[in-house]
Amino acid sequence: MRRLINLKPGHGAAIVLAALPFILVIIAYLAGSAERLAANPEDKLLPAPHSLGEAIDRVAFKPDKRTGDVVLWTDTAASLGRLLAGVAISASLSLIIGIGVGLVPLLRATFETMIAALAMIPPLAVLPILFLVFGLTEVAKIALICICIAPFMTRDLILRVREIPEEEIVKAQTLGGSTWQIALRVVLPQIWPRLFDSIRLALGSAWLSLIAAEAIASESGLGYRIFLLRRFFAMDVILPYVAWITLLAFALDWSLRRMQHVLFPWFTAQRGAG
Amino acid sequence: MTAVSVRDVWMEYDGQIILERISLEVKPHSFVAIVGPSGCGKSTFLRLVLGQEQATKGQILVDGKPVPKEPNVERGIVFQRYSVFPHLTALENILLGLEFARAPVLAKLTGKARAEARAEAETYLEGVGLKEAADKYPHQLSGGMRQRLALAQALIKKPKILLLDEPFGALDPGIRSDVHALTQKLWRERAMTVFMVSHDLKEAFTLATRVIAFDRRRNRPEEIGAYGATVTFDIDVHRSAKAP
């Protein structure tokens with residue numbers, strides 16, 4: 001028998017192993033649900049598969065009787081719009097500030113400490129301030145996402161800029177590059193793929209702040225719906241919503257990784273990862 | 001033709017003396033190899049000539065003028081690692097020097113200007129035997145090809161001085177002698193002065209017209225901080241720059 005650390009699963013076995021925990025969770029859910037419903041048919045905590053199916057059909061495929069909208073899609077559109085706006089603004093800010101502060105010692109001396117301090121602010125603590133300043137608007141929710149992720153993305157990109165070997169920056173100077181040209185042709189192209197990493201890491205926090213903002217002050221969105229339905233104990237809708245959010249987050253992460261791989265072949269090859 | 005004059009240069013970091021009393025007169029079109037043990041300040045000396053760092057005391061003059069306080073196109077460099085840009089293909093790596101000069105705002109040439117620059121860059125690629133590899137990224141090239149690319153990239157700016165910081169240290173012996181021959185050819189064809197740091201004596205004597213050894217005169221542990229390395233040997237290798 002070889003050592004445990006030397007046993008590697010084949011391709012097929014790896015897929016089975018990856019699926020196994022999911023299957024176990026589903027089995028545990030079905031068993032728990034059946035048991036609770038046997039004891040009390042009115043139980044709402046763990047709805048049976050057919051009630052989940054009906055709920056999904058109702059929110060995802062049938063227009064709402066009052067508004068005529070299909071609830072899941074309008075919620076998804078609202079939430080994704082806010083999320084992508086927040087992430088896009090944060091990414092642009094962190095890219096510009098990250099390159100400036102990472103490359104120019106004078107900017108670094110001026111702003112590095114302040115950015116570190118900003119990153120320490122607990123985002124939810126400023127939520128009331130945002131609502132007081134911007135009202136219960138879209139701006140307030142997008143601003144919360146930015147406050148939550150922009151400072152740490154900026155710090156991350158500053159570090160990534162500093163990781164570019166000094167030799168490359170020196171070489172670029174001997175080739176006649178000005179500060180601006182070096183930022184544009186040597187640093188920026190090498191930071192793009194790292195920005196993708198940074199966004200992937202930030203997405204978890206971005207979702208957290210989005211759901212929080214929607215839970216507190218919103219009339220649409222996935223987070224709003226979950227917290228609204230909580231009052232009615234509508235686990236049959238809440239559970240599919242949570243699964244849907246997870247799926248969206250997973251799909252975003254996956255597509256970012258694929259885009260990084262396709263757009264920057266030199267980067268993934270250099271890193272030795274697919 | 002470029003003469004370099006190093007006058008009583010001292011270099012200190014945090015009270016530790018790294019280099020002391022370095023004085024050299026380097027004739028135009030010399031190939032100077034600098035050898036010495038690890039940590040004796042060879043690379044520090046190169047950074048002083050490059051202008052990346054400034055000497056604590058003393059002066060380095062190029063054609064009678066002090067070295068500027070930052071690197072520029074007059075002094076090209078090839079490092080042992082990280083010498084080429086990983087995000088650019090071989091051709092783009094060489095084009096970059098031309099684009100910096102000809103496109104101040106975007107540092108990117110288009111259309112006819114790009115075609116002209118491209119033709120120029122291609123002759124340099126051909127000169128180092130990398131014509132076939134024009135569209136490859138550095139990670140797709142071997143170590144020897146990367147260093148040849150780095151040479152071509154530096155030479156397209158026609159530097160007066162070329163600095164080589166252990167450029168061949170990581171290469172296999174066979175490939176190393178190929179790159180040696182190429183380096184010497186490139187130096188002969190041009191009016192530039194070369195400074196090469198190496199810890200390989202054979203390499204130094206094979207390539208250079210002058211071999212300089214740096215070492216500390218005192219090496220007892222308690223004296224290391226107080227005494228820097230200086231020139232301990234200075235040997236002229238009789239080799240005509242025009243020889244085949």
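I began with burial: a residue is buried if 20 or more other C-beta atoms lie within 10 Å of its own, exposed if 12 or fewer, and partly exposed in between, with C-beta atoms placed from the backbone. This is a predicted model, where local features need pLDDT of at least 70, side-chain atom pairs count only at pLDDT 80 or more, and totals for chains, interfaces and linings use all residues. Residues are numbered from 1 along each chain as its sequence is written, while chains are lettered from A and ligands numbered from 1 in the order in which they are written.

**Entry 1: Gln190(A)**

I looked up Gln190(A). Its count is 22 C-beta neighbours inside 10 Å, so Gln190(A) is buried. I found Gln190(A) in helix H8 of chain A. Helices here are DSSP runs of H or I with at least four residues, strands are runs of E with at least two, and both are numbered from the N terminus. Next I asked what Gln190(A) touches. Leaving out residues up to four places away in sequence, Gln190(A) touches Ile164(A) and His87(B). A contact means that the C-beta atoms of two residues, placed from the backbone, lie within 7 Å. I also checked Ala91(A): Gln190(A) is 99 residues from Ala91(A) in sequence and 15 Å from it in space, C-alpha to C-alpha.

**Entry 2: where chain A meets chain B**

I turned to the contact between the chains. It takes 19 residues from chain A and 24 residues from chain B. On the chain A side, helix H7 (166-174), helix H8 (179-216) and helix H11 (265-271) each supply at least two residues. I sorted that side of chain A by class and got eight nonpolar, seven polar and four charged residues. For the classes, Ala, Val, Leu, Ile, Met, Phe, Trp, Tyr, Cys and Pro count as nonpolar, Asp, Glu, Lys and Arg as charged, and the others, Gly among them, as polar.

**Entry 3: a helix pair in chain A**

I looked at helix H4 (residues 105-120) and helix H6 (residues 138-163) of chain A. Their axes come within 8 Å and cross at roughly 140°. That makes H4(A) oblique to H6(A). Angles under 35 degrees count as roughly parallel, over 145 as roughly antiparallel, 65 to 115 as roughly perpendicular and the rest as oblique. The axes are lines fitted to C-alpha atoms over the stretch in contact, and angles run from 0 to 180 degrees between N-to-C directions. I noted which residues meet: Ile115(A), Ala116(A), Leu118(A) and Ala119(A) in H4(A), and Pro151(A), Phe152(A), Thr154(A) and Arg155(A) in H6(A). By class, this contact has six nonpolar, one polar and one charged residues.

**Entry 4: a helix pair in chain B**

I then took helix H2 (residues 90-102) and helix H4 (residues 143-155) of chain B. They pack at an angle of about 25°, with their axes 8 Å apart. H2(B) is therefore roughly parallel to H4(B). H2(B) brings Ala90(B), Asn93(B), Ile94(B) and Gly97(B) to the contact, and H4(B) brings Leu149(B), Ala152(B) and Gln153(B). I counted four nonpolar, three polar and no charged residues there.

**Entry 5: domains of chain B**

I checked the domain assignment of chain B. It gives domain 1 (1-74 + 159-244) and domain 2 (85-157). Such bounds come from an automatic or database domain assignment. The centres of the two domains, taken over C-alpha atoms, are 26 Å apart. Their contact takes 13 residues from domain 1 and nine residues from domain 2. Helix H5 (residues 173-189) gives the largest share of the domain 1 side, six residues. That side divides into 11 nonpolar, one polar and one charged.

**Entry 6: helix H1 of chain B**

How many residues of helix H1 (residues 42-50) of chain B are buried? Seven of the nine are, so H1(B) is largely enclosed by the rest of the structure. Among them are Phe45(B), Leu46(B) and Leu48(B). Gly51(B) follows H1(B), with a positive phi near 90°.

I noted Tyr82(B), a residue other than glycine with a positive phi near 55°. Tyr82(B) sits in the loop between strand E6 (75-78) and H2 of chain B. Tyr82(B) is partly exposed, with 18 other C-beta atoms within 10 Å. Glu166(B) also has a positive phi, near 45°. Its loop runs between strand E7 (161-165) and H5 of chain B. Glu166(B) has 19 C-beta neighbours inside 10 Å and counts as partly exposed.
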